[in-house]
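Subject: Structure handover

Dear colleague,

Here is the structure for your files. My notes follow below it.

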Amino acid sequence: MILQETISVHVKTAIKELYNATLASVEFQATRKEFEGDVTVVVFPMLRVVKGNPVQIGEAIGKYLEDHVEEISGYNVVKGFLNLVISDTYYVKYFQEIRKEEKYGFVTPKVDDTSVMVEYSSPNTNKPLHLGHIRNNLLGYAVAEIIKASGKKVYKTQIINDRGIHICKSMIAWQRFGNNETPENTGLKGDKLVGNYYVKFDKVYKEEIATLIEKGNTEEEAKKIAPILLEAQEMLRKWESGDEDVVALWRKMNGWVYEGFEKTYKALGVDFDSYYYESNTYLLGKDNIEEGLQKGVFFKKGDGSVWCDLTDEGLDEKLVLRSDGTAVYMTQDIGTAIQRVKDNPDVGGMIYTVGNEQDYHFKVLFLILKKLGYSWAEHLHHLSYGMVDLPSGKMKSREGTVVDADDLIVEMATTAKSISKELGKLEGYSNEEKEDVYNIIGLGALKYYILKVDPKKRILFNPEESVDFQGNTGPFIQYTYARIQAILRKADFDLEKDSTGLKLHEKERELIKQLILYPEIIQYAAKNQSPAVIANYTYDLVKGYNSFFQNVSIFGADSDSEKIFRVQLSKVVGETIKSAFGLMGIQVPNRM
């Protein structure tokens with residue numbers, strides 16, 4: 001905050017003039033609610049250079065600041081805390097500057113600055129996106145947008161797991177039982193169609209295991225020799241050797257899935273700048289292992305396997321190449337990270353949005369990349385997040401018990417519809433307008449409910465609770481935005497005129513103080529990679545506005561300048577709500 005810098009300069013001058021001492025820095029803290037004031041200077045640290053009673057020192061500095069700093073209109077001292085009252089003139093002037101800024105709080109990236117790559121989504125092509133993917137996508141997208149607003153260039157990317165035995169399982173099941181079903185002739189989204197065959201594979205696999213056990217095999221033996229699994233393994237071998245028919249089927253079924261994913265991403269409101277595919281990247285990293293061997297980062301064991309010794313860092317030895325020369329996931333992730341920087345040379349760091357079950361994997365990956373000598377490896381982060389649970393329990397893809405992302409998006413709009421009808425919120429709307437608002441409310445409720453929670457925490461997701469029009473919810477905030485738009489429609493006067501010389505109501509001061517915090521909040525949220533910071537700031541802003549709305553008459557103000565100012569204040573609060581929600585990928589309706 002620029003004001004603190006100004007006060008800091010004057011406090012140092014006061015110490016010099018009053019006590020002939022030099023103060024290195026000034027410590028500030030938020031003023032406690034029970035005391036009058038807007039900014040608090042902590043006197044205790046000054047006792048290192050000024051000997052005396054902290055209350056008397058505070059009084060002397062307070063009097064000096066009141067006399068020499070026009071922004072300060074009063075002060076009080078409580079023990080060793082100097083509470084400064086900022087003048088209404090300062091707040092009104094600052095507000096007039098805020099309302100003229102087109103993208104208030106946002107910082108334009110510097111041309112020569114390094115960029116950040118944010119990876120999220122990264123699905124498998126054997127099933128549709130589910131509730132867990134929703135949290136991943138919402139977090140990754142929001143963090144990317146927040147970092148962009150903080151002044152960094154951002155690349156959004158994902159790596160699609162489009163190869164391996166799990167993909168072949170869907171392919172074998174479709175070959176056996178599909179009867180040439182396609183998204184076109186079934187009307188199913190491609191990812192759902194392929195996902196159904198993944199579930200079908202598991203069902204048949206379990207039946208075959210049961211039959212083999214009846215014939216005298218142990219369960220362990222049966223799991224290894226079930227015919228449908230052997231077929232899937234053979235198909236994987238054919239794919240890896242480039243068999244034309246298998247590769248053609250793989251391309252066709254993956255194509256269906258990609259189209260399905262894109263529809264879900266569009267419905268969810270997330271996007272990407274680039275896509276990486278495991279089928280292209282799984283051989284990456286082998287050259288880097290050779291380079292690491294030469295540098296002494298890796299070592300070979302007697303069987304020819306290659307390892308990285310991380311015991312000095314409190315971890316264990318990590319396999320990076322099997323004895324037969326084949327890669328492991330770590331090898332691929334090393335190669336993919338290096339490839340991404342080759343593709344985008346301005347990348348100076350990366351953020352991986354992946355569940356907390358992979359915490360150890362990323363510790364190891366980042367350490368290895370640092371050991372290999374890549375400067376950007378110092379700026380790698382794992383955006384680790386907790387799982388999403390439902391009241392009904394854990395989800396399992398193989399058994400088809402996942403909460404499908406598309407179904408959830410539709411369910412959220414349906415829930416918003418039933419609650420809005422109950423409350424009579426949308427009377428006088430056409431059916432088309434209503435459906436549009438239901439979608440905005442439903443999706444906003446889902447996104448806000450997930451993003452308001454610290455990423456590290458596990459979430460118990462309750463759809464009905466999320467669409468409540470009261471409390472810390474998306475619809476509550478959206479409703480306040482819509483109320484502000486109604487006020488703006490009613491205002492039939494010039495809103496461009498600057499208001500000066502106003503005496504502010506306490507609620508107006510509080511709102512302006514909240515608005516002043518917005519740029520800091522964006523920077524803090526970016527630094528901590530936490531959309532929850534933005535979500536909870538927005539909720540506090542809305543609570544402050546509703547308190548203002550209930551306590552201060554807008555159109556019944558005593559003077560035209562007060563009336564104009566209060567509508568202007570409402571307008572800027574609305575713009576800030578829209579801006580903050582935009583960072584989280586949430587829309588706001590003009591009417592509700």
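Does His10 count as buried, partly exposed or exposed? The relative accessibility of His10 is 24%, so this residue counts as partly exposed; the cut-offs are under 20% for buried and over 50% for exposed. Please bear in mind that this is a predicted model.

His10 sits in helix H1, which covers residues 2-19. Apart from neighbours within four places in sequence, the contacts of His10 are Tyr64, Leu65, His68 and Val69. Between His10 and Gly285 there are 57 Å in space, C-alpha to C-alpha, and the two are 275 residues apart in sequence.

The second residue I looked at is Asp191, part of helix H7 (residues 190-214). Asp191 has a relative accessible area of 0% and is therefore buried. Its side chain makes a polar contact of 3.1 Å with the side chain of Lys189. With neighbours within four places in sequence left aside, Asp191 is in contact with Lys127, Pro128 and Leu129, with Trp256, Val257, Gly260, Phe261 and Thr264, and with Asp406.

Next, helix H4. This helix takes in residues 131-149, 19 residues in total. From first C-alpha to last, H4 reaches 27 Å, close to the 27 Å expected at 1.5 Å a residue. H4 is mostly covered, with 18 of its 19 residues buried.

Three strands form an open sheet in the order S8-S9-S10, and the pairing is antiparallel. S8 (299-300) and S10 (317-321) are the edge strands; each has a single partner strand, so one side of each is left without a neighbour in the sheet. In general, strands of a sheet pair through backbone hydrogen bonds, either parallel or antiparallel.

How many bridges join S9 and S10? Strand S9, residues 306-309, pairs with S10 over four bridges in the antiparallel sense. Trp307 has Leu319 in S10 as its bridge partner.

Which helix lies across these strands? Helix H12, made up of residues 286-295, lies across S8, S9 and S10 and runs at about 125° to S10.

Regards

Key:
Residues numbered from 1 in each chain as written. Predicted model: local features only at pLDDT ≥ 70, side-chain atom pairs only at ≥ 80, totals over all residues. Heavy atoms only, no water. Pairing = 2+ DSSP bridges. Helix = DSSP H or I, 4+ residues; strand = E, 2+ residues; numbered from the N terminus. Contact = heavy atoms within 4.5 Å. Axes fitted to C-alpha atoms, helices over the stretch in contact; angles between N-to-C directions. Expected span 1.5 Å × (residues − 1). Buried < 20%, exposed > 50% of the residue type's maximum accessible area, 1.4 Å probe, protein only. Polar contact = N/O pair within 3.5 Å; in protein donor to acceptor, adjacent residues only side chain to side chain.
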